Amino acid sequence: MRVDVISIFPEYFAPLDVSLIGKARERGILDVHLHQLRDWARDVHRTVDDTPYGGGPGMVMKPEPWGEAIDAVLAADPAAQPRIIVPTPSGVPFTQKLAMEYAAEPWLLFTPARYEGIDSRVMAEYGARMRVDEVSVGDYVLAGGEVAVLVMVEAVGRLLPGVLGNAHSAVDDSFAPGAMENLLEGPVYTKPPEWRGHEVPEILLSGHHGKIARWRRDEALRRTARNRLELLAALDPETLDKHDRKLLSELGFPA
Ligand code: 6GU
C-alpha cells in the first residue's frame with residue numbers, strides 16, 4: 001500500500017519509522033511518502049493560511065497550496081487514484097470497519113490541516129473526481145490532524161497482509177466483524193500464576209479450550225456492559241446464544 005501525507009509538519013510523522021509500522025515499511029508492505037505543504041506556497045513567507053470569509057476566530061488554510069500539492073501527488077501515478085482522507089473533527093467517525101476498508105485500498109492520501117481547517121472548495125474540487133472522506137478520530141478536538149493520521153495509519157497498517165504474524169492475528173480484536181462485533185475484549189494474563197496476591201482466573205490454567213472461550217465471551221460481555229452501553233445496545237440479537245442472554249439478563253440487560 002502507498003500512503004502519501006501532505007502537512008506543514010512532516011516531522012510529526014517520525015513515529016512511523018518505529019515498531020510494527022516501521023517494520024512494515026522496511027519490508028516494503030507500506031510505502032510512506034511525506035510532503036511539506038509549504039513547498040507549494042507561492043509567496044516568500046510560504047503562507048498557507050488566511051482569515052475566514054464571514055469573519056470569526058482563527059485562520060483557514062488557503063486552497064491554492066493544497067490544490068497544487070494534491071495535484072503533484074496525483075501526478076506520481078496518473079493511471080491510479082488515491083482515496084483522499086481529510087482528518088477533521090467534523091468528519092464521519094473512524095471505526096474498525098473503515099480501517100478495514102482503507103486496508104483494502106492500494107493508495108491513500110491524507111491531508112491533515114492546522115488552524116480551523118482547509119477551504120471547503122478543495123474537498124469539493126477533488127470530491128467531484130474521486131473519493132474524498134472527511135474523517136474524525138473521536139469526539140474531542142486536536143490541535144491539528146497529524147495525530148489523527150498517525151492513529152489511522154497505525155490502525156490500517158496492522159491490517160495489511162503480512163504485518164501481524166499469524167500468531168497475532170486481528171480476528172479477535174475488539175470491534176472485529178464476526179464474533180467480536182460490538183464487543184470489547186476482556187482482560188488478559190500471563191505468568192506468574194500469582195502476583196502480589198492476585199491470582200490468574202483458574203479457568204485459564206485449566207487447558208479446557210471450550211470453557212476458556214466461554215469465559216472470555218462472558219468477560220467481553222461484562223466489560224462491554226460496564227464501559228460501552230451503546231455498543232451493548234448495538235449487539236445483533238441473532239449473534240447471542242442462550243448463555244449470552246442469561247448473562248446479560250443477570251447483568252440487568254434482558255434481551
Ligand atoms: Cl481528524 N482532527 C482534529 N483536529 N481534531 C480531531 C480529529 C481530527 N478527530 C477528532 N478530533
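Buried means under 20% relative accessible area, exposed means over 50%, and partly exposed lies in between (1.4 Å probe, protein chains only). This is a predicted model, in which local features need pLDDT of at least 70, side-chain atom pairs count only at pLDDT 80 or more, and totals for chains, interfaces and linings use all residues. Residues are numbered from 1 along each chain as its sequence is written, and side-chain values use heavy atoms, with hydrogens and water left out.

**View 1**
Of its 255 residues, 41% count as buried. Helices (H or I, at least four residues) and strands (E, at least two) are DSSP runs, numbered from the N terminus. Along the principal axes, the C-alpha atoms fill a box of roughly 70 × 45 × 40 Å. Domain 1 covers 2-165 and domain 2 covers 171-251. These bounds come from an automatic or database domain assignment. Taken over C-alpha atoms, the two domain centres are separated by 36 Å. Contact means heavy atoms within 4.5 Å. Among contacts between residues at least 6 apart in sequence, 72% join residues at least 24 apart.

**View 1. Strand β6 (residues 107-110) is covered on both faces.**
W107 and L109 are buried on one side. L108 and F110 are buried on the other. In a regular strand the side chains alternate between the two faces of the sheet. Two strands pair if DSSP finds at least two bridges between them. Strand β1 (residues 2-7) pairs with β6 in the parallel sense, over four bridges. Within β6, L108 stands opposite V3. Strand β5 (residues 83-93) also runs parallel to β6, joined by three bridges. Here I85 has F110 as its bridge partner in β6.

**View 2. R83 in strand β5 reaches D133.**
What is the relative accessible area of R83? The value is 3%, so R83 is buried. A polar contact is a pair of N or O atoms within 3.5 Å; within protein, one must be able to donate a hydrogen and the other to accept it, and residues adjacent in sequence count only if both atoms are side-chain atoms. The side chains of R83 and D133 make such a contact at 2.9 Å. Leaving aside neighbours within four places in sequence, R83 is in contact with L98, E101, Y102, E105, W107, L108, L109, R131 and D133. Two of these, W107 and L109, are buried on one side of β6, and L108 is buried on the other. D139 is 56 residues from R83 along the chain, and their C-alpha atoms are separated by 23 Å.

**View 3. R114 sits in the loop between β6 and α4 (121-127).**
Is R114 buried or exposed? R114 has a relative accessible area of 14%, so this arginine is buried. Its side chain makes a polar contact of 3.0 Å with the side chain of E146. Not counting residues up to four places away in sequence, R114 touches I8, F9, Y12, M61, A143, G144 and E146.

**View 4. One cavity of 30 Å³ or more is found in the whole structure.**
On a 1 Å grid over the protein atoms alone, a cavity is a set of points where a 1.4 Å probe fits but cannot get out; lining residues have an atom within 4 Å of a point. Grid points are joined across faces, edges and corners, and a volume is the space filled by probe spheres set on the points. The largest cavity has a volume of about 40 Å³. Its lining consists of W66, I70, I84, V86, T111, I118, V122, M123, Y126 and V132. Helix α2 (63-74), strand β5 and helix α4 each supply at least two lining residues. Which element gives the largest share of the lining? That is α4, with three residues.

D71 and Y126 are 55 residues apart in sequence and 9.7 Å apart in space, C-alpha to C-alpha. Y126 also lines the largest cavity.

**View 5. E219 lies in helix α6 (residues 209-227).**
At 16% relative accessibility, E219 counts as buried. Not counting residues up to four places away in sequence, E219 touches G186 and P187.

Methods: 1 Å grid on protein atoms, 1.4 Å probe; cavity = no way out; pocket = protein on both sides within 12 Å on 5 of 7 lines; lining within 4 Å.
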